[in-house]
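Work through the following exercises with the sequence and the model in view, and try each task before reading its solution.

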Amino acid sequence: MVMATTTSTAAHTSLASVTLEVADLEAARRFYSAFGVDTYVRLRASDAHSTGFRGFTLALTVSGPATVDGFVGAAVQAGATVLKPAAKSLWGYGGVVQAPDGTIWKIATSEKKDTGPATREIDEIVLLIGVEDVKATKAFYVGRGLTVAKSFGGKYAEFAPGQACPVKLALYKRRALAKDLGVPADGTGSHRILLGGTADAFTDLDGFAWEAAASIAPTLS
């Protein structure tokens, strides 16, 4: 996937929107409405070439295992494929599904037991992009004005969310992310995702494209 450069005088930006590029716009609208995440993402029709791992996942954090199961079940009923069945882990409980458009979603909770009934509420959503060098990409984004909220050396970095978008942006090693999702790390072509920013357009070190959010017309309400 393409590597790109930017100027050192770029205006400060923050994440304002997340647009998924899909082959079948109407089918994707139906899926994301049924899945329950339609207020978090935008959709745009695209036939860009893409094979294998697209280098990112959208991760939902919810209140408990029953809520994880509810989101996984809704996704599967709407046409998603299970990549990792929901199960207990060292860190809690979670599962991974792949939407019909190819986007990978992880649904998880830090709780291993339910303390209440299942809900359809999302506590947090994170766009986790797989990068070759976490430190270098973190420095790139800091240079564009993003604020680091969490950082674990060269393994993981998370940025504070902007006021215009509830989705957080985080970085993880590409191969480690693919392993966590249960897919091969190899992939070619488009990432099939477009990030809307509050400043100018640019492309990051791993080929993830940003556009000025004001220039992106919403296609999913």
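## Exercise 1: Enclosed and open spaces

A search of the whole structure finds one cavity of 30 Å³ or more. The structure is a predicted model, in which local features need pLDDT of at least 70 and side-chain atom pairs count only at pLDDT 80 or more, while totals for chains, interfaces and linings use all residues. Residues are numbered from 1 along each chain as its sequence is written, and side-chain values use heavy atoms, with hydrogens and water left out.

**Task.** Which residues line the largest cavity, and how do they divide by class?

**Solution.** Begin with the terms: on a 1 Å grid over the protein atoms alone, a cavity is a set of points where a 1.4 Å probe fits but cannot get out, a pocket is an open set with protein on both sides within 12 Å along at least five of seven lines, and lining residues have an atom within 4 Å of a point. Grid points are joined across faces, edges and corners, and a volume is the space filled by probe spheres set on the points. The largest cavity has a volume of about 30 Å³. Its lining consists of Leu 15, Leu 146, Phe 159, Ala 160, Pro 161, Gly 162, Val 167, Lys 168 and Leu 169. To sort them, count Ala, Val, Leu, Ile, Met, Phe, Trp, Tyr, Cys and Pro as nonpolar, Asp, Glu, Lys and Arg as charged, and the others, Gly among them, as polar.

**Task.** How many residues line the largest pocket, and which lie nearest its centre?

**Solution.** The largest pocket holds about 1000 Å³ of space. It is lined by 30 residues, of which Thr 61, Trp 91, Lys 106, Ala 108 and Asp 180 lie nearest its centre. By class, this lining has 15 nonpolar, eight polar and seven charged residues. Among the elements that each supply at least two residues of the lining are strand 5 (81-89), strand 7 (104-109) and helix 4 (174-181), where helices (H or I, at least four residues) and strands (E, at least two) are DSSP runs, numbered from the N terminus.

## Exercise 2: Nonpolar cores

**Task.** Which residues have the most contacts inside the largest nonpolar core?

**Solution.** A nonpolar core is a set of buried Ala, Val, Leu, Ile, Met, Phe, Trp, Tyr and Cys residues joined through side-chain atoms within 4.5 Å; buried means under 20% relative accessible area, exposed over 50%, and partly exposed in between (1.4 Å probe, protein chains only). The largest nonpolar core has 46 residues, and those with the most contacts inside it are Leu 20, Tyr 32, Phe 35, Trp 105, Leu 127 and Tyr 141. Apart from this core lies another, of 12 residues, among them Phe 53, Val 96, Ile 104 and Val 126. In soluble globular proteins, nonpolar side chains tend to be buried together.

## Exercise 3: A loop and its partners

**Task.** Is His 191 buried or exposed, and which backbone oxygens does its side chain reach?

**Solution.** First place the residue: His 191 lies in the loop between strand 12 (187-189) and strand 13 (193-197). His 191 counts as buried because its relative accessibility is 6%. Its side chain reaches the backbone oxygen of Arg 54 at 2.7 Å, and a polar atom of that side chain lies 2.8 Å from the backbone oxygen of Asp 206. Both are polar contacts (a pair of N or O atoms within 3.5 Å; within protein, one must be able to donate a hydrogen and the other to accept it, and residues adjacent in sequence count only if both atoms are side-chain atoms).

**Task.** What is noted about phi of Arg 192?

**Solution.** Arg 192 is found in the loop between strand 12 and strand 13, and is buried, with a relative accessible area of 7%. Its phi is near 60°, a positive value in a residue other than glycine. Arg 192 is also one of the residues in contact (heavy atoms within 4.5 Å) with Ser 50, leaving aside the neighbours of Ser 50 within four places in sequence. Ser 50 itself is found in strand 3 (residues 50-52), and its side chain reaches the backbone oxygen of Ser 190 at 2.9 Å.

## Exercise 4: An exposed residue

**Task.** Why does Ser 110 count as exposed?

**Solution.** Ser 110, in the loop between strand 7 and strand 8, is exposed because its relative accessible area is 55%. Not counting residues up to four places away in sequence, Ser 110 touches Trp 91 and Gly 92.
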